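Me: I have a new model open and want to go through its chain interfaces. Can you take my questions as they come?

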Amino acid sequence: MNPLLQRSPLPAVLVIAILTLGLVREAQPILRADTVISPYTTSGQDKLIQAIKAGMLPGLGADLAILRIFSSFYQYSHEREESTRQSLREITYRDFETAQFLDPKFIDMYRLAEGILAYDLRMPLQAVDLLEAGEHHFDQWEIPFMASFIAYDQLHDLKRAVSLAKLAGEKPGVPPLIIGYTSRLMSDNLGLEFAIKYLQERKKALPEGYQHGLEERIRKLKEMQNVTAPKS
Amino acid sequence: MKQLIYFTIQEVLNSRIFRLLLLAPLVLMVVALTFTGLFMLDLGKVFIDTMFASTHLLCFTFLMFLAAPFLARDIDAHFTYILLTLPISRGQYLLGRFIGLCATFLLLIIVLIIVTSLSLELASSIWGSYMATADIGSMVLGIFLIAWQYLSLIAIALFVFSWATGSAEILSFTFLIWLLSWFFPPVLTAMQDSEVAQTIPPFLHVILESCYQLVPHLTGGEIANRLAHGISLQGKEIIYYLIEHTAYATILFTSALILFRRRNL
Amino acid sequence: MSAIDIKMLSKCYGKHLVLDNVSMRLEAGKAIGILGENGAGKSTLIKCILKLVYPDAGHVNTTACREEIAYLPEQSYLPESVNGVNMVRFAASFTKTQDEACSALDRVGLRKEAWNQPVRSYSKGMRQRTAIAMMLVRHPRWLILDEPMSGLDAIGRRQMLDLFQNEHQQGCSILMSSHHVADMVRFCDEIIILSAGKVRESITIESRSIDQIERLEQKLTNYARSTE
């Protein structure tokens, strides 16, 4: 028998396996995390600890964070002592951040942020930050819209409200009501001309059946523009 | 070697712990449905998260309470003396044990897939549109990919077995390697975030970045997250993932064969 | 006829020399005993013959192939979840004699009620019998037994010896290690005394009398004392 064939094939198998691994590594593109606007008040170290704790189940880690939010909020609702309520607010907010870091596409977290974080825990700025950081993961208009509304209603930050409303307006399936809301914000903040231009752009993206409302709104804004323009 | 494979399968099927593991998916299904009911909107995602967690739990239990002790007993109780004096070589012995263990492991996974598919149907009938993001195909794919990772961990247990002197070493080292495979990839992925990277000292950053090149970029965590949200994995990603883990298993198994051939028993 | 040739075998475990230039020829067709005190190197010698352990020097040549050799270790662990008859069928599958599993269990004297019970319910003696049945069902040419009588009572030892005697009379070669002098004298044709890793003496058994037993015990004691 050929002496070469008599040798053990194991080293060859080992070499082939290592080469295969090397070739696959070369062929694969390197995945990088999205650069997301980070609202975190927690440090990078905290995020690392959260990643370690969640291990191979970041989704479950986010789910457990939501359950902790329910639990903390329940305690907060029944607590009278202000210092304890403050601690519970902070704990709850950290759980929101944990949930977003581990699973930024978890919609329940944003629903809770819109409601309890903004209004019950009285942390509207943090709520808007959270919603703004996560809105690009979804095709839903509700998230940027609610962020815009909270920014307008609670923070009285018109500029931020407008930019968030514009984001909402660009989402697919956005109803005319939202576009109308956006244009009102714009006319108050950026002027009538800007609001008219915005509505004309949005009209193009809507089906014909939805355009009537926008056309009506554009007409009214133009009338207002004529009224406020200096007479030559 | 065929005889040893059948014998190994028989041995595992008759063991009490394996029979318990076969019943475990039913319990896990109840837990998953209960857990899912606590949430508001994205119930499909939560349900799939719990199914993947159940898969990890079942696979870990198989690895640490069945596969590793099973191999450890061969050494501790000198069953290798009887097996290796039968007309099979050391290589055939290792391969026979490995294939037997993998066959029973895959049987467990098939049972898990059947039970989880039925429970997904039940959950969809209860919660309707809230389960929109959960589909059977994604769930089965996720379970299969997680299980594939554990096949390479069984090869690791075999590698440890090839040089370890007893059950303490086999169990400790296998657990340690599982621990590394559980925590290390998420750390490496988190390190790609700029805020996290800033907290790591530069020299450690270089080492970790090099390690990042060695481990599969598609980690179990990313698989779980993407599939839970109904985001499909690319065919290329899946193939690379399978090839990588198969390559790890092959490297470890071949190393185990080389070591075991010259080992004094 | 196959024989086992051992030449200048040496083995160390760390700094401890277990076998020291051991040479012997084990002729086929005989019942050969290896007698020695605890720690003499009997088990290591047997493991070197079976290639479970690799010697540091020397070699073992045998014309017997693996199918012809059956081994009974000192402590026979059997997987507890499998039943007796399946254990024997597994061993028999290598020589395609699965049909003889039940008759092998019958020959070794295992109760019929126990055949389909899992091994976890067996006593030590029953496990030993099952392990012997696993050997015998393959019809080996060589039986290598490492302390086969350890842990058995007098009746059990007698039954074991009768079983092996029966096999030997049917042409099976036997290599047995033990430190029970009386059993060895009653059973073996030739006894090799191993002490502190060295072959001290090779004795052909001509008489199975009590005197022979006492002489051998004295020799064993003297060799053991001389190495202390």
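Reply: Across the interface of chain A and chain B, the rule finds two salt bridges, a salt bridge being a side-chain nitrogen of Lys or Arg within 4 Å of a carboxyl oxygen of Asp or Glu. This is a predicted model, in which local features need pLDDT of at least 70 and side-chain atom pairs count only at pLDDT 80 or more, while totals for chains, interfaces and linings use all residues. Residues are numbered from 1 along each chain as its sequence is written, chains are lettered from A and ligands numbered from 1 in the order in which they are written, and side-chain values use heavy atoms, with hydrogens and water left out.

Me: Which residue forms a salt bridge with A:Asp103?

Reply: B:Lys45 does, and the closest N and O atoms of that pair are 2.4 Å apart.

Me: Which elements give two or more residues to the side of chain A that touches chain B?

Reply: In chain A they are helix H2 (10-27), helix H3 (44-54), helix H4 (58-78), helix H5 (82-102) and helix H6 (107-120). Helices here are DSSP runs (H or I, at least four residues), numbered from the N terminus. H2(A) gives the largest share of that side, ten residues.

Me: And how many residues of that side are nonpolar, polar and charged?

Reply: The side of chain A that touches chain B has 30 nonpolar, nine polar and eight charged residues. Ala, Val, Leu, Ile, Met, Phe, Trp, Tyr, Cys and Pro count as nonpolar, Asp, Glu, Lys and Arg as charged, and the others, Gly among them, as polar.

Me: How much area do chain A and chain B bury between them?

Reply: About 4400 Å², with 70% of it on carbon and sulfur atoms. Buried area is the accessible area (1.4 Å probe) that two parts lose on being put together, summed over both.

Me: Switching topic. What about chain B and chain C?

Reply: Those two bury about 2600 Å² between them, 63% of it on carbon and sulfur atoms. In chain B, helix H1 (2-13) and helix H4 (79-84) each supply at least two residues of the side that touches chain C.

Me: How many salt bridges are there across that one?

Reply: Between chain B and chain C the rule finds zero.
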